[in-house]
Amino acid sequence: MKHRYLLLILAEDEGHQEHIQHIATLTQLPLVWRHGRIILFSDQLLDVLLLPKGNGVIIGKLFRRHGYPEQVCELKSDDAARFAPDPVQSLIEHYWGSYVAAISISNRVTILRDPSGGMPCYYLSLSGIAALTSDISLLIDTGLFTPSVNWNGVGRTLYWHQLPPEETALSGVSQLLGGCSLILEGREINRAENWSPWNYTAYDGDDDRKKRSEGLGRVVQACISAWASCFPRALVGLSGGLDSSIVTACLARSSAKVTCLTLATDDPVGDERSYARYVSGAIDAELIEDFYSNDDIDLDKSVAAGFPIPSGKAHEQTYNKRVRAAAATSQAAAFFVGAGGDNVFYLTHSVRPLLDRLRTEGWSLDLVSTARDICRITGANIWEVVAEAVRISPRTTGLQWNGAGDYLSREFVESERGLLPEHPWLNSPATVPLGKKGHVAMILRALHHIEHRDKALAVPMISPLLSQPVIEFCLGVPSWWACEGGIDRAVARRAFADVLPAPVSGRSGKGSPDGFVARFIARHRAAISERLLEGNLARHGLLDRAAVERVMAPNAKFELLDCPRVMALLDTEAWTNSWSAR
């Protein structure tokens with residue numbers, strides 16, 4: 001079951017009693033803890049952990065950095081000593097997990113969201129009350145919030161594609177970003193950054209590749225074993241690619257009972273069942289094979305319905321439906337995925353690793369080796385690689401985030417170009433190598449999707465490769481190691497070479513449902529065109545009508561890269577309808 005909580009922080013210790021009692025009646029969640037100004041309603045008592053001094057609470061799954069990989073169900077005397085100096089910093093340094101913590105010290109209340117952002121945290125501030133929740137419907141049901149679409153927020157979500165936003169697309173509701181905290185003193189609310197990826201990007205000079213690969217293997221296995229301790233029966237989405245195969249193999253080596261699910265399309269590019277069979281056969285696990293279906297896609301529905309951020313694609317409906325069925329059939333307690341593996345293991349096709357190595361080690365023959373590695377991965381020749389390296393300026397400051405103006409109106413795009421994207425991680429130190437800036441950008445994109453936006457899925461989705469210890473370890477790996485030998489994610493491949501079947505560990509290609517999506521769009525051009533051109537996005541000046549008309553015209557050619565964008569626009573249109581109809 002997904003954890004639903006409602007956390008209320010009062011501006012004063014006294015007052016609001018009738019209001020709180022009314023909320024308690026409406027929320028239909030037990031009031032599980034109260035301390036001074038903090039009130040917590042939650043439906044998962046086992047995932048509510050009190051701090052040793054009784055002045056704080058942790059909501060969600062918590063694990064210790066060291067020791068046996070299992071959920072922390074009680075904080076003991078050793079934990080009390082760690083929490084004594086600074087509870088917030090102690091959580092960051094000595095623990096990890098998927099949690100939101102509320103800590104009261106004197107007149108200050110601090111709300112911390114774990115660096116991976118695994119536990120959702122949306123919030124708003126009313127007169128005398130701050131309300132934080134994992135499920136926006138709790139704010140609506142209790143009368144704390146009346147939803148209305150923030151159209152500028154909708155446009156920014158589409159333009160600053162895959163950048164986790166603090167501003168949501170519902171007016172008045174914000175998102176507490178991973179690794180950040182809210183500090184509440186009286187009626188004043190401030191924000192702070194408590195964890196930064198830039199603290200982990202420095203290369204320590206240890207050139208032992210074998211040692212580093214073995215270390216990565218231990219960290220990944222420990223994190224997945226810890227997650228498995230919470231969910232003895234697991235369904236894992238197994239494409240047969242490297243990342244999902246690593247998750248599957250590590251689950252099998254833990255105590256979890258594993259069932260695998262793979263989805264295929266009717267074209268070879270989208271059919272990875274043979275690779276999934278290699279992995280499931282190696283661990284002797286049941287493999288459920290299913291197919292994407294056009295019939296599962298309802299253009300009136302959004303996969304992100306009920307969430308304050310539109311970030312889905314319409315074709316994900318068929319994937320979600322098959323996952324729900326498999327979870328029910330297998331009686332799984334959680335759905336595990338390899339999402340974020342490409343990002344955290346740094347699957348790059350850029351020349352940044354070459355520039356990083358030059359900056360770190362200076363001129364040497366090793367640069368030629370890295371240049372050749374990049375040639376093998378990208379298919380470019382050596383002169384093209386060198387020319388690209390010269391073109392990129394190593395003096396670029398900050399983390400660059402390009403806007404995605406495809407199919408958005410020229411007026412809106414021009415208005416956004418004059419603004420800077422907002423996220424604390426975008427302020428990178430100038431000394432950070434370009435490859436590590438790209439690495440952090442990729443991880444940031446993955447974390448935008450760590451919350452599975454399918455309310456109909458009864459079990460939580462777990463992305464263990466995005467666990468805090470894995471992220472921190474991988475950030476410290478030199479970028480040129482990730483492409484060493486001319487293979488992507490080279491360190492991760494070495495770490496699990498003895499665990500995965502050879503056809504999987506050495507696989508260089510990736511499957512994709514893009515062909516299925518392209519045929520769906522071609523088959524439903526008229527309906528898609530009508531929905532977009534006559535819909536809310538166009539009505540509020542966010543859509544480039546001429547661009548949509550061109551790509552949706554009968555017999556018009558469109559690129560596969562256009563498909564995800566069109567499906568994202570469709571889902572966003574459905575999302576706006578779902579909230580506008582309330």
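Visitor: Why is isoleucine 382 called partly exposed?

Guide: In this predicted model, isoleucine 382 has a relative accessible area of 31%. Buried means under 20% and exposed means over 50%, so a residue at 31% falls in between and is called partly exposed.

Visitor: What makes isoleucine 382 part of a nonpolar surface patch?

Guide: The patch takes in residues with over 30% relative accessible area, and because isoleucine 382 has 31%, that requirement is met. Together with Trp383, Val386 and Val390, Ile382 makes a nonpolar patch of about 430 Å², and isoleucine 382 itself lies in helix H13, residues 382-391.

Visitor: Why does serine 98 count as buried?

Guide: Serine 98, which lies in strand E6, has a relative accessibility of 12%, and since buried means under 20%, serine 98 counts as buried. Among the residues that serine 98 touches are Ile59, Lys61, Met119 and Trp227.

Visitor: How do you know that the side chain of serine 98 has a polar contact with glycine 118?

Guide: A polar atom of that side chain lies 3.4 Å from the backbone oxygen of glycine 118, and the cut-off is within 3.5 Å, so the distance meets the definition of a polar contact.

Visitor: What makes strand E11 largely enclosed by the rest of the structure?

Guide: Five of the six residues of E11 are buried, so the strand is largely enclosed.

Visitor: How do you know that E11 pairs with strands E7 and E12?

Guide: Pairing takes at least two bridges; five join E7 to E11 and six join E11 to E12, so both pairs qualify. Leucine 112 stands opposite serine 181 in E11, while leucine 182 stands opposite arginine 191 in E12.

Terms used:
Residues numbered from 1 in each chain as written. Predicted model: local features only at pLDDT ≥ 70, side-chain atom pairs only at ≥ 80, totals over all residues. Heavy atoms only, no water. Buried < 20%, exposed > 50% of the residue type's maximum accessible area, 1.4 Å probe, protein only. Helix = DSSP H or I, 4+ residues; strand = E, 2+ residues; numbered from the N terminus. Patch = residues over 30% accessible without salt bridge, like charges linked within 9 Å, V, L, I, M, F, W, Y side chains within 5 Å. Areas by Shrake-Rupley, 256 points an atom, 1.4 Å probe, with all protein chains shown as cover. Salt bridge = Lys/Arg side-chain N within 4 Å of Asp/Glu carboxyl O. Polar contact = N/O pair within 3.5 Å; in protein donor to acceptor, adjacent residues only side chain to side chain. Contact = heavy atoms within 4.5 Å. Lists of a residue's contacts leave out its neighbours within four places in sequence.
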